[in-house]
Amino acid sequence: WVQVVESGGGSVQAGGSLTLSCVVETNMDNIECVAWFRQTAGRTREGLAAISTRGEMFTRYADSIKGRFSVARDNAKNTVLLQMNMIKLGDTAQYYCAAAAAPCSGRWWPYMASYGYWGQGTQVTVSS
């Protein structure tokens, strides 16, 4: 089994910061890539960032959040963090964490179909 649980969402003012947490637990020790996505009503989920959980460090970011958000891992706690800075109104969305049982790849990291395990999501609402 694999369990993915996000937390840390909430309301934040534009220009502020927020840290989302994703805990990935498994009894198979098979997760190698964790990513953050977000979704707004009527739109497909957008891949924001991905990070490897073992081996050579791999990180990638979508252009929409590059320079403002950063992803980090804490393997001791099975946790991947998404640090959100300089938050904009357009960052309002449901944020999801996803995990894959394969090494991260520049070819597939931003695509939903690449991940077999998903959390329930956490809402981030940005106000002016």
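I took strands as DSSP runs of E, at least two residues long, numbered from the N terminus. The model I consulted is predicted.

**Entry 1: the largest pocket.** I sorted the lining by class and found 4 nonpolar, 6 polar and 2 charged residues.

**Entry 2: the hairpin.** I next turned to strand 8 (residues 79-84), which runs antiparallel to strand 7 (residues 69-74) and is joined to strand 7 by 6 bridges. I recorded glutamine 83 as the bridge partner of serine 70. Between the two strands lie 4 residues, and in this hairpin asparagine 78 has a positive phi near 55°.

**Entry 3: the core.** I then examined the largest nonpolar core, which holds 39 residues. The members that touch the most others are Trp36, Leu82, Met84, Tyr95 and Tyr115. Among the elements that give two or more residues to this core I listed strand 3 (18-26), strand 4 (33-39), strand 7 and strand 8. Strand 9 gives the most, with 7 residues.

**Entry 4: the second largest pocket.** I noted about 160 Å³ of space here. The lining residues include Arg38, Arg43, Arg45, Glu46 and Gly90. By class, I found 1 nonpolar, 5 polar and 4 charged residues in this lining.

Note on methods
Residues are numbered from 1 along each chain as its sequence is written. This is a predicted model: local features need pLDDT of at least 70, side-chain atom pairs count only at pLDDT 80 or more; totals for chains, interfaces and linings use all residues. Side-chain values use heavy atoms; hydrogens and water are left out. Two strands pair if DSSP finds at least two bridges between them. A nonpolar core is a set of buried Ala, Val, Leu, Ile, Met, Phe, Trp, Tyr and Cys residues joined through side-chain atoms within 4.5 Å. Buried means under 20% relative accessible area, exposed over 50%, partly exposed in between (1.4 Å probe, protein chains only). Ala, Val, Leu, Ile, Met, Phe, Trp, Tyr, Cys and Pro count as nonpolar, Asp, Glu, Lys and Arg as charged, and the others, Gly among them, as polar. On a 1 Å grid over the protein atoms alone, a cavity is a set of points where a 1.4 Å probe fits but cannot get out, and a pocket is an open set with protein on both sides within 12 Å along at least five of seven lines; lining residues have an atom within 4 Å of a point. Grid points are joined across faces, edges and corners, and a volume is the space filled by probe spheres set on the points.
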